[in-house]
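Student: I have a structure open here and want to go through it. Can you take my questions as they come?

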Amino acid sequence: MVGTFYSIIPALVMLVLVLLTRKVLLSLGTGIGIGALFIHEFNVIDALKEIVQVFVAIFYSSEGIETGNILLLLFLVLLGVMIAFLQASGGSRAFGEWMIKRIRTRTGSQFMTVLLGFIIFIDDYFSSLAVGQISRPLTDRHKVSRAKLAYLIDSTSSPVTVLSPISSWGAYIIGILGGLFAAKEITEYKPLEAFIKIIPYNLYAIIALILVFVVIYVNFLVGPMKRHEERALKKGQLLSQDRLPPGDLSNTFTANANGKAYHLFIPIVVLLVTTIASMLVTGWMASDEGTSILAVFANTDVNISLFIGGILSVLVALGLYLKLPSRQAGLVKIAKEGTLTMVPAITILLLAWMIGSVIGTLQTGEYLASLVTEAEMQTAFLPFLFFLIASIMSLSTGTSWGTFGIMLPIAVDVLVVTDMSLLLPTLGAVLAGAVFGDHCTPISDTTILSSTGAGVHHIDHVVTQLPYAIIAALSAGLGYLFIGFTNQVGFGLLVSILILAIIVALYQLFRKRLS
């Protein structure tokens, strides 16, 4: 079953269960179990051993302790503790009051969230969590549903990061291109030059960003998002359920009456500055290419940078809390409650890593990639085909980076022997498809962390973002067909934008007539 059509089944079952039951832990666990049974040809004992080994490998493998995974999990704990201090100190309440005097409209609060997503472009993990913590007090005051906040965060973090050469994603992609160009003796482009020229071909990322502004400006509400927004506006209920999601302690602590806006602002600034500085330092120390900024970001250690930033921000938040004249909550209670709020997010992330490992063993990605090399069709369809396969691969495996690593080399191999004039459009299509799949799957790290940053139930975020991702992907897919036949990026981008405009206009007209 490894490397065959059957390797798709565990991911497919998981995705169907998620949409039907909305029980993410059950769905992920089922996918892991089916995948383990497939790996060991339905030998139950060996399948159980596989599951245990996959879980242990998250923390310890043949190469030693998995420091990166452990540091990311510890950062989530630290983030929960920091949020607890921000809530207990009254900083979140005071910051919301301070911001609402300056940003007085609901639309303005959403535009500010998107603007922060553009500003914090260094890394998608960092953007997802930091933007959520800064924006949430303001969007809550303006009755923006948490599901919509999560959508705004997720649909800016990955698209902005994948379009920026000075980011963890950009550096990673440029590194892959450099190796591929050298191996295939492609001299027409330098890796950085190629990345920059690929940007306009990354249609999904561009359309997804345009759609974010459309959603805010014309209040374009599709599918479940409409229910979430109407509930937030009419009832002031920001969540679809009564229980609080990860990262929300609104009903746990009484906000300190002496809290000021700087009790929230200062710890988050410390988190931002420290994390970015740590990324620069770790990247510079690990770089073998001098002090090139791209070399720095290619070698940066995001997880240890987040961990260092998390520790310092918690210490600062603790110090500010201790200076308050009166404190209603004890330090142990704050730390405990903050940690507990992150348990659901950590559990989902662990299961997502496990099913990613199982799917990797089943060689689902390799099977999907083989479909490209075996397909015989007109070269004009290659950008669209690679967009489609990269989307399915990213959706199934939950990793855009893994999709980059598998599909970019295949794209170069295919284009070298078919039509080099379509090299940049096809590489752009791979990047676009990987981000689209990342937006749709419940096992993507970025999707999970966007839910955490926004303080919304994970599946609520997945199902409300899905229609928007599909609209952007449909627009981009048609654009790739036009690019394939004309090799004109401007024409393809224009077609994508026009398709998006037509979809939005028709939907708004249809909704108006129904109302």
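Student: Let me start at Glu 66. Which residues does Glu 66 touch, leaving out those up to four places away in sequence?
Tutor: Glu 66 touches Ala 57, Ile 58, Phe 59, Tyr 60 and Ser 61. Keep in mind that this is a predicted model.

Student: Where is Glu 66 placed?
Tutor: Glu 66 is in the loop between β2 (64-65) and α4.

Student: Is Glu 66 buried, partly exposed or exposed?
Tutor: Partly exposed: the relative accessible area of Glu 66 is 23%. Buried would need a value under 20%.

Student: And how far is Glu 66 from Val 56, C-alpha to C-alpha?
Tutor: The distance is 9.9 Å, for two residues 10 apart along the chain.

Student: Zooming out, what is the secondary structure of the chain?
Tutor: The chain has 24 helices and two strands.

Student: How much of the chain is buried?
Tutor: Of its 515 residues, 56% count as buried. The accessible surface is about 20600 Å², and carbon and sulfur atoms hold 66% of that.

Student: What about contact range: what share of the contacts joins residues at least 24 apart?
Tutor: The share is 78%, taken among contacts between residues at least 6 apart in sequence.

Student: Now the core. How many residues are in the largest nonpolar core?
Tutor: That core has 141 residues. Those with the most contacts inside it are Tyr 204, Leu 211, Phe 387, Phe 404, Leu 408 and Tyr 468. Helix α4 (residues 67-88) supplies the largest share, 13 residues.

Student: Why would such residues sit together in general?
Tutor: In soluble globular proteins, nonpolar side chains tend to be buried together.

Student: Pick Tyr 204. What does Tyr 204 touch beyond four places away in sequence?
Tutor: One of its partners is Phe 387.

Student: Next, helix packing. At what angle do α10 and α21 pack?
Tutor: Helix α10 (residues 191-198) and helix α21 (residues 423-440) pack at about 75°, with their axes 9 Å apart. That angle makes α10 roughly perpendicular to α21.

Student: Which residues meet there?
Tutor: From α10, Ala 194, Lys 197 and Ile 198; from α21, Leu 424, Leu 427, Gly 428 and Leu 431. By type, the residues of this contact divide into five nonpolar, one polar and one charged.

Student: Backbone check. What is phi at Lys 143?
Tutor: About 60°, which is positive although Lys 143 is not a glycine. Lys 143 lies in the loop between α7 (124-141) and α8 (146-163). With 38% relative accessibility, Lys 143 counts as partly exposed.

Student: And what is phi at Asn 487?
Tutor: Near 55°, again a positive value in a residue other than glycine. The loop that holds Asn 487 runs between α23 (458-486) and α24 (489-514). Asn 487 is partly exposed, at 29% relative accessibility.

Student: Last one: where is Thr 341 found, and is it buried or exposed?
Tutor: Thr 341 is in helix α16 (residues 331-341). At 13% relative accessibility, Thr 341 counts as buried.

Student: How far apart are Thr 341 and Thr 452 in space?
Tutor: They are 9.6 Å apart, C-alpha to C-alpha, and 111 residues apart in sequence.

Notes:
Residues numbered from 1 in each chain as written. Predicted model: local features only at pLDDT ≥ 70, side-chain atom pairs only at ≥ 80, totals over all residues. Heavy atoms only, no water. Core = buried A, V, L, I, M, F, W, Y, C linked by side-chain atoms within 4.5 Å. Buried < 20%, exposed > 50% of the residue type's maximum accessible area, 1.4 Å probe, protein only. Helix = DSSP H or I, 4+ residues; strand = E, 2+ residues; numbered from the N terminus. Contact = heavy atoms within 4.5 Å. Axes fitted to C-alpha atoms, helices over the stretch in contact; angles between N-to-C directions. Parallel < 35°, antiparallel > 145°, perpendicular 65-115°, else oblique. Nonpolar A, V, L, I, M, F, W, Y, C, P; charged D, E, K, R; others polar. Areas by Shrake-Rupley, 256 points an atom, 1.4 Å probe, with all protein chains shown as cover.
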